[in-house]
Amino acid sequence: MTICALATAPGGAIGIIRISGPQTLEILSRVFSKDLRNAHPNTIHYGHIIEPDNEPHAEYDAQPDVVYDVALQHPPSAHQQTIDEVLVSVFRSPHSYTGEDSAEISCHGSRYILNKVLALLIENGCRQAGPGEFTQRAYLNGKMDLSQAEAVADLIASTNRATHQMAMSQLRGHFSNELATLREQLLKLTSLLELELDFSDHEDLEFADRSQLYELAKTIDNRITQLARSFETGQAIKQGIPVAIVGKTNVGKSTLLNRLLKDERAIVSNIHGTTRDTIEDTIDIHGVTFRFIDTAGIRQTSDQVEQIGIERTYQAISKARIVLWMIDAEPSTEEISNITQRIEKKSLIVVVNKIDKHHLPALSALTSQHPYPVVKIAAKYAQGIPQLEQAIYDAAQLPDITHSDIIITNARHYDALIRAHESIERVITGMDQQLSGDLLAEDLRLTIDTLAEITGGQITPNEVLGNIFTNFCVGK
């Protein structure tokens, strides 16, 4: 079936409508002022979208080197209604995004025009594409594997340099190639183990070197574990690394949030306890999104509403990856203990505010016991903010992400890696216990099949494909 969909948001200067399927050029020829059935691949054709009159066009044979052709168009007849003046890009199977004959109509972005062109295509044999159906066809036609198809959605949704680079790495097949290497190594050893079973009458016959198998299994397990561990970083980058701004009332937490956001997002007042709930917003620092959470000031209070806000402050600390502890005076031993006991393994930055008003606190009780980084600022005047942003970025301890780095961002991939880790762990344990080759081969095969789920090397159930591509936008 030939499908069509709008690939751009309506209302812009230009709109693009995509078509893919075996009847692409035949259907287009019914609504276009040229017959494109013999059009050469990778060419662009100028003409008009018209109401069809069921009369055949003069046969049009595009020249191989004609990319943009105005002179050879056949203008619509006087009684035909012209919808728009357009460019049509033609792609032939298998050298297209979907692997099928396909085309893109570039027309004006008017909602009326776009809807009219789509309606004409549907009336002449197309079907409206579902979410992600173009990419799903690309996967089914072998143009990309399943992990690359999922990377298309991540690329569309990328909001900063880091998420863009992670998506590009996966789309270019770096993760797929890594998995292919692991599977190839496993498959070779599994084949040798299974070969031993064919010669089970010879008890002393051993094709697979057990020491080699053990070392390789450990190496593969370590790599699978590394990939799985990167999921936490990938999720943090994808969703925004959470940063909690905490401290006593009136130390300047809301002022700092406003300075970081470059917007008056939080209410600033000299009255203690103004912030009674968490306020969240995001900014990009060096191409990475950080999600800042301004919290209620920590103090003893009988105000029930403020107490709820303080409890939410502690919840924000527990969920944060980085904690900015704002102070404007030497903290007490009790305050130091209260904060440091709650941060667990999180990164903490001590932010000394209001350095424009008084001498800096000595911080001797704090720095003598804890080597936390200290940044001195005057939030009211944006003094020290660049230094604080750099400290926040450093505290995230992110790898230098490039287009070739592999960082897991997809929960489905993470789940498969965890199950593959469990399978290969059973292989290692089995060799420690000197289990027979048939039991080892079973777990090795399960590891291979589990890794194959990520790229779609195994037959993937329709409901899994449906869940994956439902999250795509229509037209992609």
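Helices here (H or I, at least four residues) and strands (E, at least two) are DSSP runs, numbered from the N terminus.

A word on the model. It is predicted, so to speak of local features we need pLDDT of at least 70, and side-chain atom pairs count only at pLDDT 80 or more, while totals for chains, interfaces and linings use all residues. Residues are numbered from 1 along each chain as its sequence is written, and side-chain values use heavy atoms, with hydrogens and water left out.

Now the whole chain. It has 15 helices and 13 strands. Of its 476 residues, 49% count as buried. Buried means under 20% relative accessible area, exposed over 50%, partly exposed in between (1.4 Å probe, protein chains only). Take contacts, meaning heavy atoms within 4.5 Å. Among those between residues at least 6 apart in sequence, 69% join residues at least 24 apart.

Back to α3, residues 133–140. Six of its eight residues are buried, so the helix is largely enclosed by the rest of the structure. The buried ones are E133, F134, T135, R137, A138 and Y139.

Next, the cores. A nonpolar core is a set of buried Ala, Val, Leu, Ile, Met, Phe, Trp, Tyr and Cys residues joined through side-chain atoms within 4.5 Å. The largest has 35 residues. L256, F290, F292, I322, L324, I349 and I392 have the most contacts inside it. Helix α12, residues 385–396, gives the largest share, seven residues. What does I392 touch, leaving aside neighbours within four places in sequence? V243, I285, F290, F292, I322, L324 and I349. A second, separate core holds 29 residues, including L186, L417, I424 and M431.

Then helix α7, residues 210–239. S230 sits in this helix. At 13% relative accessibility, S230 counts as buried. Beyond its neighbours within four places in sequence, S230 contacts I406, I407 and I408.

α7 also supplies four residues, the largest share, to the lining of the second largest pocket. A pocket, on a 1 Å grid over the protein atoms alone, is an open set of points where a 1.4 Å probe fits, with protein on both sides within 12 Å along at least five of seven lines; lining residues have an atom within 4 Å of a point. This one has a volume of about 320 Å³, the space filled by probe spheres set on the points. It has 14 lining residues, and E232, A236, P242, K319 and R321 are the closest to its centre.
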